[in-house]
Amino acid sequence: MNAKVWLVGAGPGDPELLTLKAVRALQQAAVVMVDDLVNPAVLEHCPQARIMTVGKRGGCRSTPQAFIQRLMLRHARQGRCVVRLKGGDPCIFGRGGEEALWLQGHGIEVEVINGITAGLAGATQCGIPLTSRGVSRGVTLVTAHTQDDSELNWAALAQGGTTLVVYMGVARLEQVRQGLLAGGMAPGMPVAMIENASLPQQRECRSDVQGMVEAARAFGLRSPAILVIGEVVGEQQAMGRIAIAG
Ligand code: SAH
């Protein structure tokens, strides 16, 4: 058998938002390398596996990326079924592409299993239809945080006519506001800030672009959170949270 690594999305937090494919990969895993923001509850599907936590939250320092990659390589080459478990979707701000390329470059077969990304789940959990017909022609996922601190093209985002979903924005709310206002966005454009989307401790704060920084401060917004910015935020629909009895 060829050495193989599964890059698996664990979804936004609610363990019921895991895909059947992700569950199957977990059930077969010998080693599971767990990233930040993965709800440990999903590990109930892999009691047989050796669990390695490689995320930076919970007071630990981040495990260096190169070390994680070498660890995956070593276990895969020893013939173990390796699952790399990431929050949300592995390829949405999750380095999935980078890791897949690196592993393939070292002769390892890679299979990526999608997860539900936090931005999409968060909006839905708060009743926000991201591409409501006649209101928004699309949705743009952006990160407020870049490695090189380069600025986003705020004018294009402000004027693009799509709903914006901003990841990693809690520490950069002021820059987001300034960028959007300078880029021509209406100060009254509604904003929803959604913390711990899909988890029992989910919280939501509504504001507008002009007032978002103060609103977040008064609310005590903490990471992980996503921001949803656009007319659809005012389009609250009765989607609510779906609880499946079990
Ligand atoms: N691959 C992940 C994103 C990782 S980047 C995904 O597809 O969801 C980390 C950022 O994701 C956080 O800073 C936050 O903006 C967002 N995030 C992840 N989980 C979240 C959650 N449960 N609620 C709100 N935001 C979340």
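Colleague: A residue is buried under 20% relative accessible area, exposed over 50%, and partly exposed in between. With that in mind, which class does H106 fall into?

Modeller: This is a predicted model, and in it H106 has a relative accessible area of 33%, so H106 is partly exposed.

Colleague: Where is H106 in the fold?

Modeller: H106 sits in the loop that runs between α3 (96–105) and β5 (109–113).

Colleague: And what does H106 touch?

Modeller: Leaving out residues up to four places away in sequence, H106 touches L73 and R77. The C-alpha atoms of H106 and L73 are 7.9 Å apart, although 33 residues separate the two in sequence.

Colleague: Let us step back. How many helices and strands does the protein have?

Modeller: The protein has 7 helices and 10 strands.

Colleague: What about its overall dimensions?

Modeller: Along the principal axes, the C-alpha atoms fill a box of roughly 55 × 45 × 35 Å.

Colleague: What share of the residues is buried?

Modeller: Buried residues account for 49% of the 246. As for the surface, the protein exposes about 12,300 Å², of which carbon and sulfur atoms supply 52%.

Colleague: How many charged side chains are there, positive and negative?

Modeller: There are 23 positive and 20 negative side chains, and the centres of the two sets lie 7 Å apart.

Colleague: Turning to α4, which of its residues are buried?

Modeller: The buried residues of α4 are G119, A121, G122, A123 and Q125. Their cover includes β7, β8 and β10. Just after α4, G127 takes a positive phi of about 75°.

Colleague: Which polar partners does the side chain of S136 have?

Modeller: One is the side chain of T163, with which the S136 side chain makes a polar contact at 2.8 Å. Another is the backbone oxygen of G138, which lies 2.7 Å from a polar atom of the S136 side chain. Beyond its neighbours within four places in sequence, S136 is in contact with L130, T131, G161, T162, T163 and V232.

Colleague: Which peptide bond is cis here?

Modeller: The bond from S223 to P224 is cis, with omega near 0°. P224 is in the loop between α7 (212–219) and β10 (225–229).

Colleague: What is the phi of M168?

Modeller: M168 is not a glycine, yet its phi is positive, near 55°. M168 lies in the loop between β7 (163–167) and α6 (173–182), and with a relative accessible area of 40% it is partly exposed.

Colleague: And N196, what is its phi?

Modeller: N196, which is also not a glycine, has a positive phi of about 50°. N196 is in the loop between β8 (190–195) and β9 (203–208). Its relative accessibility is 17%, so N196 counts as buried.

Note on methods:
Residues numbered from 1 in each chain as written. Predicted model: local features only at pLDDT ≥ 70, side-chain atom pairs only at ≥ 80, totals over all residues. Heavy atoms only, no water. Helix = DSSP H or I, 4+ residues; strand = E, 2+ residues; numbered from the N terminus. Buried < 20%, exposed > 50% of the residue type's maximum accessible area, 1.4 Å probe, protein only. Areas by Shrake-Rupley, 256 points an atom, 1.4 Å probe, with all protein chains shown as cover. Lys, Arg positive; Asp, Glu negative; His and termini not counted. Charge placed at Lys NZ, Arg CZ, Asp CG, Glu CD. Polar contact = N/O pair within 3.5 Å; in protein donor to acceptor, adjacent residues only side chain to side chain. Contact = heavy atoms within 4.5 Å.
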